[in-house]
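Hello,

Here is the structure I promised to hand over. Please open it alongside this note.

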Amino acid sequence: MRIVCIGGGPAGLYFALLMKKLHPDHDVRVVERNRPYDTFGWGVVFSDATMQAMRAWDAESAAEIEDAFNHWDDIEVLFKGMRQRTTGHGFVGIGRKKLLNILQRRCEALGVQLVFETEAEGDQDFPEADLIIASDGVNSRIRQKYADVFQPDMVVRPNRYIWLGTNKLFDAFTFDFRKTDHGWFQAHIYKFDENTSTFIIETTEEAYQAHKLGEMDQQQSIDFCQDLFAEVLEGAPLMTNARHLRGSAWLNFQRLICGKWSHFNGNSHVVLMGDAAHTAHFAIGSGTKLAIDDAIELANQFQKLGHDTDKIPAVLETYEEIRRVDVARIQNAARNAMEWFEVVGTRYADTLPPKQFMYSMLTRSQRISHENLRLRDKTWLEGYERWFAEQSGIAPGKNGKVPPPMFTPYTVRNVTLPNRIVVSPMAMYSAKDGVLGDFHLVHLGSRALGGAGLVFAEMTCVSPDARITPGCLGLWNDDQIEGWKRFADFVHANSNAKVGIQLGHAGRKGATKLAWDGIDQPLEDGAWPLLSASALPYLKNSQVPKAMDRADMDRVKADFVAATKRAAKAGADWLEFHAAHGYLLSSFLSPLTNRRDDEYGGSHANRARYPLEVFRAVRAVWPEDKPISVRLSCHDWFEGGNTPEDAAIFAKMFKDAGADVIDCSSGQVWKEEKPVYGRLFQTPFSDKIRNEIGIPTIAVGAISEADHANSIISAGRADLCAVARPHLADPAWTLHEAARIGLSDIAWPKQYYSGKSQYETNLARAGQTAK
């Protein structure tokens, strides 16, 4: 094959040398605009997995790269006058120039033709090539030329950064956070050779503009940064090797995703590689890793499928299919880390204590979890757990041990939960005339015996026409109080758990069949009239609800007030006000379902007017010493609907009205929604509301193990974790997770003690205990 790599970065050079090594008869060229052995940039970071792959594919270049590596295990954080350090993180760094020089020499030794100081205009310059590698970076001319084919999705991120260096050598990956009169700046610092450290400085657009950095030249920018970070620099100067850039040299990161990676231009097959195909933020140091991994996988597919030109289409198709998965995973982690740094000033730096701030930073990508931190640095994590427990009023035991964060108590008003795990409200559709019966007693009681701190029944309806289905629970008459009281008395007598009741009204999503008979499908017989903010059916075949008038509003408010009084009589410890998932109160909050042109539609204040009116009436009759949480849909997952920014506005309104906690869910407002699922996918909503609005939160959604809960609570992303489906599969999920992480001093019901010891022993024998 005749192969041309346009761009002599890590992707182009490494693919060139691999293909020439695997098949010496290939004609391989690399075309690079810069001079031989010349490059820009400071240090780059590698992962151990990528290095292992490089050793397997080309031991010669790998050995030389490893000889030039600088390895460090520690992360150090400078924040608010504290210097905190943790170990066991295992980074390796190398100068970008050193790396490229090694790859250039290896290419020359193998017979790759290196063409320097040549500006390739595009693929049309090489009509004779069978395969053209577009490794020409984030501003790829080839990708831009075929934008309709490659479908690039480029997002310019809001933060500004400048990439500098210093001759001060740092023995840890160091993060330094500095507050100015106009906002926070942070430095990402790491040593990459025997003389130099990378020094990336990042800040918000607002701080950048307020300090007039855009009006400075490069030297003035450098002088500003030297003054700001003088303490950590200890007199060492900052340096730039980007004098070719105009102005102050501050940049915005560009996040790139492409819909397609390859194209046949009539003569040659063209494929994107490295930053031309995708970018990942420097916050997790994965850009070079992705480029090298791209090169390895494309070479690997040629080895598997064949090096003949007729195999190129199949190779490119398989290459993209495989790499797209890993790239998406890395980009997701990079996005989480990137967003953490973008909001660090408004969300974390001014709200979290220094120790929790460091934990939050270490776990910012959500790839590093609580137990992963224990593997990396057990001493540091146990110290953090002791600090966290002390904040909850727990002193270490005689052995110095404390429970992990999810097993610390949590107090709201005068109610103290024994731990941070909540059994989320889950519809059972098994009530008759709204009465909580034997099924619910056994179902909910077993979850209380199973160790959860707070047990919610399903959404409990405030009137017969507030039900989702005929099988929903209710509190619309005094006869229904007895079932609830029986449940509350059982839980209080037999466990340390607290009882929660979630009050709601189905609105436009009511009068439907039981879930197993057709979820969301309208009743064919026995339906009742529906109410909503606007006369919009949920499904095309759903009943059209009535847009509520003032009389309807007064009646529904009175129903909520009456149900709240009954919940108090029943002995509930905690009330939740359901304003999510497209039900009645949620239908007012979302612009998708609220099309009103009166004082209850339009602005945030108008859309929240009626839900807040009902909430205030509920808060007024609910006991002062007991908490109320509000469940919100924090993302409608549909264009034109509410976003997390809107949810934060509503959370602030409910906080001001007397809400104690926001339960952060999402979706189920609009049937055509397009949620982006994933592990802990709704936790960022909780994180935002808790740390920007300053109100405790409940995280919910794809939380399935103790490691998840401990990570969320430790980082301050939520105060409580609601667990739904895992509790359906395992009533004793909380106790079992305690055993799984080696926590043996958590009390089980005395009747089950023999089972406790056997369960823990079996886990230990199977090697499933985490610590």
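Below is what was found, topic by topic.

This is a predicted model, in which local features need pLDDT of at least 70, side-chain atom pairs count only at pLDDT 80 or more, and totals for chains, interfaces and linings use all residues. Residues are numbered from 1 along each chain as its sequence is written, and side-chain values use heavy atoms, with hydrogens and water left out.

Helix α2

Helices (H or I, at least four residues) and strands (E, at least two) are DSSP runs, numbered from the N terminus. Helix α2 spans residues 48–57, and its buried residues are Thr 50, Met 51 and Met 54. They sit on the same side of α2, because they cover an arc of only 100° around the axis. The arc is that of the directions from the helix axis to the C-beta atoms. An α-helix has 3.6 residues a turn, so residues three or four places apart point the same way. Ala 49, Gln 52 and Ala 56 are exposed on the other side of α2. Buried means under 20% relative accessible area, exposed over 50%, partly exposed in between (1.4 Å probe, protein chains only). The cover over the buried residues of α2 includes α1 (10–22), β3 (43–46), α3 (59–68) and α10 (287–305). Contact here means heavy atoms within 4.5 Å.

Phe 282

Phe 282 lies in the loop between β17 (269–272) and α10. Its relative accessibility is 13%, so Phe 282 counts as buried. Beyond its neighbours within four places in sequence, Phe 282 touches Tyr 161, Trp 163, His 188, Ile 200 and Glu 202. Phe 282 and His 188 are 94 residues apart in sequence, yet 9.2 Å apart in space, C-alpha to C-alpha.

Thr 469

Where is Thr 469? Thr 469 is in the loop between β22 (460–461) and α17 (481–494). Thr 469 is buried, at 1% relative accessible area. Setting aside neighbours within four places in sequence, Thr 469 is in contact with Tyr 429, Thr 512, Lys 513, Leu 514 and Trp 528.

Cysteines

How many disulfides are there? The count is 0, where a disulfide is a pair of cysteine sulfur atoms within 2.5 Å. For Cys 5, the closest cysteine sulfur is in Cys 107, at 8.1 Å, too far for a bond. For Cys 634, the closest is in Cys 664, at 4.2 Å, also too far for a bond. Cys 5 is buried, at 0% relative accessible area. Cys 634 is buried, at 0% relative accessibility.

Best regards
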